[in-house]
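User: I am new to this structure and would like to learn how to read its features. Could you walk me through a few of them?

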Amino acid sequence: MENEKGIKLRSSFIVHMKNTRKASIKDLNQLAELFDQYRIFYHKESNIPAAESFLKERIENHDSEIFVAENEGKLTGFVQLYPIFSSTRMQRYWLLNDLYVNESHRGKGYSKALIEEAKNLCRSSNACGVLLETGKSNDVGNQLYPACGFELYDSVNFYEWTNKDN
């Protein structure tokens, strides 16, 4: 096999592009199932109707950007990003809030392909970067993100205030 410049490539070096694209309302049923699996992974109760409703609102209200990975017409994973802004940089940032690949499709490059979609969104929207948070115990994520060009930002403390009335 040859690349676009006619240079012969060994098959072991060929990277097969994963089929990724922006999610649409048509994906809602399969996407809600994946989103439910994602929430269960983070120790939340299963609730597919609520997941579907939540995702439908995000898509219809343009609150987030969701990209999906698929294999033979079946969704295998998704990434969801929310727009935020940096006041000091006076630019948009994207918060990579959710990244999930179905357990049976892990280790096949879907996460990296979805992260590339996130980076492409950042470039196309002239944003200054993509931020994400992951648990210190998330060994897979803590290897994946640096491998995809993310740098650990350890010069700040991250705090959260929780609304206990909600």
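User: Let's begin with D63: is D63 buried or exposed, or something in between?

Analyst: Keep in mind that this is a predicted model. To place a residue, look at its relative accessible area: buried means under 20%, and exposed means over 50%. D63 comes to 29%, so D63 counts as partly exposed. R58, at 11%, is buried. The side chains of D63 and R58 meet in a salt bridge, with N and O 3.0 Å apart.

User: How many salt bridges are there?

Analyst: The count is seven. Another of them joins K22 and E65, at 2.9 Å from N to O. K22 belongs to strand β1 (residues 19-22) and E65 to strand β2 (residues 65-71), so this pair ties together parts that are 43 residues apart in sequence. K22 is partly exposed at 48%, whereas E65 is buried at 18%.

User: What separates K119 and E116 within their helix?

Analyst: Here is the general idea: an α-helix has 3.6 residues a turn, so residues three or four places apart point the same way. In this case, K119 and E116 are three residues apart in helix α3 (residues 110-124), or about one helical turn. They form a salt bridge whose closest N and O atoms are 3.0 Å apart. E116 is partly exposed, with a relative accessible area of 34%.

User: Now for α2. Which residues of α2 are buried?

Analyst: A51, L55, R58 and I59 are buried there. They cover an arc of only 95° around the axis, which puts them on the same side of α2. The buried residues of α2 pack against α1, β2 and β3 (74-86).

User: How should I read the span of α2, and what is found at its ends?

Analyst: For the span, compare the helix with what is expected at 1.5 Å a residue: α2 (residues 48-60) has 13 residues and reaches 18 Å from its first C-alpha to its last, close to the expected 18 Å. At the N-terminal end, N47 caps α2, with a side-chain oxygen 3.0 Å from the backbone nitrogen of A50. After α2 comes H62, whose phi is positive, near 55°.

Methods: Residues numbered from 1 in each chain as written. Predicted model: local features only at pLDDT ≥ 70, side-chain atom pairs only at ≥ 80, totals over all residues. Heavy atoms only, no water. Salt bridge = Lys/Arg side-chain N within 4 Å of Asp/Glu carboxyl O. Helix = DSSP H or I, 4+ residues; strand = E, 2+ residues; numbered from the N terminus. Buried < 20%, exposed > 50% of the residue type's maximum accessible area, 1.4 Å probe, protein only. Expected span 1.5 Å × (residues − 1). Arc of directions from axis to C-beta. Contact = heavy atoms within 4.5 Å. Polar contact = N/O pair within 3.5 Å; in protein donor to acceptor, adjacent residues only side chain to side chain.
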